[in-house]
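This briefing concerns the structure shown below. It covers pockets, aromatic pairs and selected residues.

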Amino acid sequence: GETGTGKELCARAIHYLGPHSRQPFVPLNCGAIPLELVENELFGHSAGAYTSAATRHNGIIAEAEGGTLFLDEVDSQPPGAQIKLLRFLQSKEYRPLGTTKTLTASVRLVAATNADPAAAVKSGKMRQDLYYRLSVIPVRLPPLRERRDDIPLLANHFQIRYAREYGKTMSPLPGDVAARLMAHDWPGNVRELENAIARMVALSDTGHLLASDLDLPPDATGEDPSSLRAAKGQFERAYIEEKLRSCGGNISHAALAAGKDRRAFWELIRKHGIEVEQFRLRSAAAHGN
């Protein structure tokens, strides 16, 4: 998955929803480890293994015993480090630096990359045998632009989280803000969306998020991606609201008038964050109820 799609979050979900959730979840960013420290980081060392090794140190494989080891950016390791990892994956055996004793470990391994693994193998960046060893159950996390219906749900979640963190009371996410968020391509994916909502909540003085407060960059073409999609979203929202208004907030009648089944019409209501109750109340007031 691309950067920011939530690969580590997915790995944590696999771990904590599984039968070994009481055991450790140990993440490691492979791109942050120099080649000369890979063995020490993975396998640990004994006291006196090298000059500055005054005490024994367990590697992350020992720390993850019985649980899950998450290797992020696994393709970023140099070839020598990939060989060391491959040997452990094949045998489940390892030897800490400075010892002659071979140890075994029982861990679940989840590996992640933001590159196309097949392309990384073809270019020589990733060893083919390591790729085959890791690729038992491959999972692709789609970018946010391919699952736009998730955007309002995530935005609401982040608004609630940061309102609580910043001690603020916020109104529900307005429909025009949701439409603008859904119109953006989010090259930074969920992480970028989270930062955008956190910034808006932090700077809000009124407790209401406004579409004008969104500070979104143009897409890679240099054009504002929101223009056409936002216009379509605004038209769709206005059309749905008109049907609800004319039907007094009755979703079944409004769906029939729009030529859609009730479930599909309800999904559109949810997508745009439309409050149906307001149309029911207006209808009741108009009829003196």
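The largest pocket has a lining of 37 residues, and those nearest its centre are Ala111, Leu134, Ile137, Pro138 and Val139. Two or more lining residues come from each of helix H1 (7-16), H4, strand S7 (108-111) and helix H6 (128-134). The model is predicted: local features need pLDDT of at least 70, side-chain atom pairs count only at pLDDT 80 or more, and totals for chains, interfaces and linings use all residues. Residues are numbered from 1 along each chain as its sequence is written, and side-chain values use heavy atoms, with hydrogens and water left out.

**Pockets**

- A pocket is an open set of points on a 1 Å grid over the protein atoms alone, where a 1.4 Å probe fits, with protein on both sides within 12 Å along at least five of seven lines; lining residues have an atom within 4 Å of a point.
- The space in the largest pocket comes to about 1100 Å³, a volume being the space filled by probe spheres set on the grid points, which are joined across faces, edges and corners.
- The lining of the largest pocket comprises 24 nonpolar, 4 polar and 9 charged residues. In this classification Ala, Val, Leu, Ile, Met, Phe, Trp, Tyr, Cys and Pro count as nonpolar, Asp, Glu, Lys and Arg as charged, and the others, Gly among them, as polar.
- The second largest pocket has a volume of about 580 Å³. Its lining consists of 23 residues, with Gly4, Thr5, Gly6, Lys7 and Leu9 nearest the centre.
- At least two lining residues of the second largest pocket come from each of H1, S4, helix H7 (150-165) and H9; H1 gives the most, with 5 residues. Helices (H or I, at least four residues) and strands (E, at least two) are DSSP runs numbered from the N terminus.
- By class, 9 nonpolar, 6 polar and 8 charged residues line the second largest pocket.

**Aromatic pairs**

- The whole structure contains 6 aromatic pairs. Rings of Phe, Tyr and Trp (its six-membered ring) pair if their centres lie within 6.5 Å; planes under 30 degrees apart count as stacked, over 60 as edge-to-face and the rest as tilted.
- Tyr16 and Phe25 form a tilted pair, because their ring centres are 6.3 Å apart and their planes lie at 35°.
- Phe25 and Phe70 form a stacked pair, because their ring centres are 6.2 Å apart and their planes lie at 20°.
- Phe25 belongs to strand S1 (residues 25-29) and Phe70 to strand S4, so this pair ties together parts that are 45 residues apart in sequence.
- Ring pairs link Tyr16, Phe25 and Phe70 into a cluster.
- Tyr16 is partly exposed at 43% relative accessibility, whereas Phe25 is buried at 10% and Phe70 is buried at 1%. Buried means under 20% relative accessible area, exposed over 50%, and partly exposed in between (1.4 Å probe, protein chains only).

**Selected residues**

- Glu73 lies in the loop between strand S4 (68-72) and helix H4 (79-91). This non-glycine residue has a positive phi near 50° and is partly exposed, with a relative accessible area of 29%.
- Asn189, in helix H9 (residues 189-203), likewise is not a glycine and has a positive phi of about 60°. Asn189 is buried, at 0% relative accessibility.
- His184 sits in the loop between helix H8 (175-183) and H9 and is buried, with a relative accessible area of 3%.
- The side chains of His184 and Glu192 make a polar contact (3.4 Å). Such a contact is a pair of N or O atoms within 3.5 Å; within protein, one must be able to donate a hydrogen and the other to accept it, and residues adjacent in sequence count only if both atoms are side-chain atoms.
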